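Please read them with the coordinates open.

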Amino acid sequence: MRHCLTVFAIALALAGCGESTPPAPAGDASYAPKLQQQLLDAKPGDVIEIPAGRFAFDRSLTLRASGITIRGAGMDKSVLSFKGQKAGAEGLLVNGDDFLIEHLTIEDSKGDGLKISESKNVTMRGVKVQWTGGPSTSNGAYGLYPVKTTNVLIEDCVAIAASDAGIYVGQSRDVVVRRSRAESNVAGIEIENTINADVYDNVATNNTGGILVFNMPALSQQGGQIRIYRNRIIANNTGNFGAKGTPVASVPAGSGMVINSNDDVEIFDNDIADNATANIIVSSVYSTGYKDSSMADGFDPYPERIYIYGNRLKGGGDSPDGLDLKALKVAAMGFSGRFPDVLWDGYYNKDRKVDGQPASGPQICLEDVSGVINADGPNGYDDPNTDMTPFRCSLPKLPAIDLGRG
């Protein structure tokens, strides 16, 4: 019953995505410098209460202390607006352990909305980060942005119109993202070069790509052990408005779930529908144009041990983004056809071994899908095929992430 109620609640959240919330009334203009000073003077154990109202800031806020709580009066009640920001790259930048931020909104920052760096035991609860003008390349790159962090909980949050990723976790370890909503971003939720993450009970809709699990090649930490489950990944067909030259700018509009150069990923019990390029994409960094010379030592460019099963998939694949994918669809599926549920670019490690013995194929295991297309990327998409035989397998289930918080 609890699972049914959770899914029902998510469905209601999705249905209400387009509804507007009355703006918070203007707050006391003298509050902005007061909050800036509170953050500068913060000591372990401090609780900084932000009252209801809309407060304008013309420069970044910074917190460099551990054991701090920042608490608003409620999402959409306490609003920190950076619409007139003149200095600083973020809305709020945090560097401190045992940090909790909850029940407030950060709007229209020049750069990232909420960045938390090199911290452990981090909680973001009931926080909205948004750019109120809608999708635009001039928006900040990341909404909620923990990077190089450990033991991270993101729950009941909202991210709207980031020009890179709405909810992004990078180069981190031991992460839970749950009951949150990402819409109208380039990437809705992105887990990048992160070890041990559970992403569940979220809604990703109207992004360019819904949920992304990436390993980028130039970073020292490779990610893995990622579970994506009980999410709604619906109609992520917004045109890509990422800054030219950034990795996310290569994500095709209409991408539902994307796994790129990551190992040990489990995708199950999700509702994935109506993503026009493909509901699920499994790919290598080679498809994004990276060269071996730009990769860190030991980087594995191939997605391996990917297990996709028990999802509810429908629609999608009927109008892929970009000339190459359009041509591939016509060549493989005909003018009126559509890609099957899973699009794989075809790159795999031909020298892969298991227990010291040569092993063939990509080790991507698929169940409960309409099919898969091997795009034959290594050969210039010359010979795509839809043979499911190499993908009829199963893998051991990954363990749940326990943040040890009781």
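1. C365 is buried, its relative accessible area being 1% (buried means under 20%, exposed over 50% and partly exposed in between, with a 1.4 Å probe and protein chains only). This is a predicted model, in which local features need pLDDT of at least 70 and side-chain atom pairs count only at pLDDT 80 or more, while totals for chains, interfaces and linings use all residues. Residues are numbered from 1 along each chain as its sequence is written, and side-chain values use heavy atoms, with hydrogens and water left out.

2. C365 is joined to C393 by a disulfide, with an S to S distance of 2.0 Å (a disulfide being a pair of cysteine sulfur atoms within 2.5 Å), and the count by this rule is 1. The torsion about the S-S bond of C365 and C393 is about -110°, so the disulfide is left-handed. C393, at 27% relative accessibility, is partly exposed.

3. A further cysteine, C157, is buried, with a relative accessible area of 1%.

4. As for the sheet, 11 strands form an open arrangement with parallel pairing, in the order β3-β6-β8-β10-β13-β16-β19-β22-β25-β28-β32 (strands are DSSP runs of E, at least two residues, numbered from the N terminus; two of them pair if DSSP finds at least two bridges between them). Its edge strands, β3 (59–63) and β32 (372–374), each pair on one side only.

5. Within this sheet, β13 (residues 165–170) and β16 (residues 187–192) pair in the parallel sense over 5 bridges, and the bridge partner of G170 in β16 is E192.

Conventions: Helix = DSSP H or I, 4+ residues; strand = E, 2+ residues; numbered from the N terminus.
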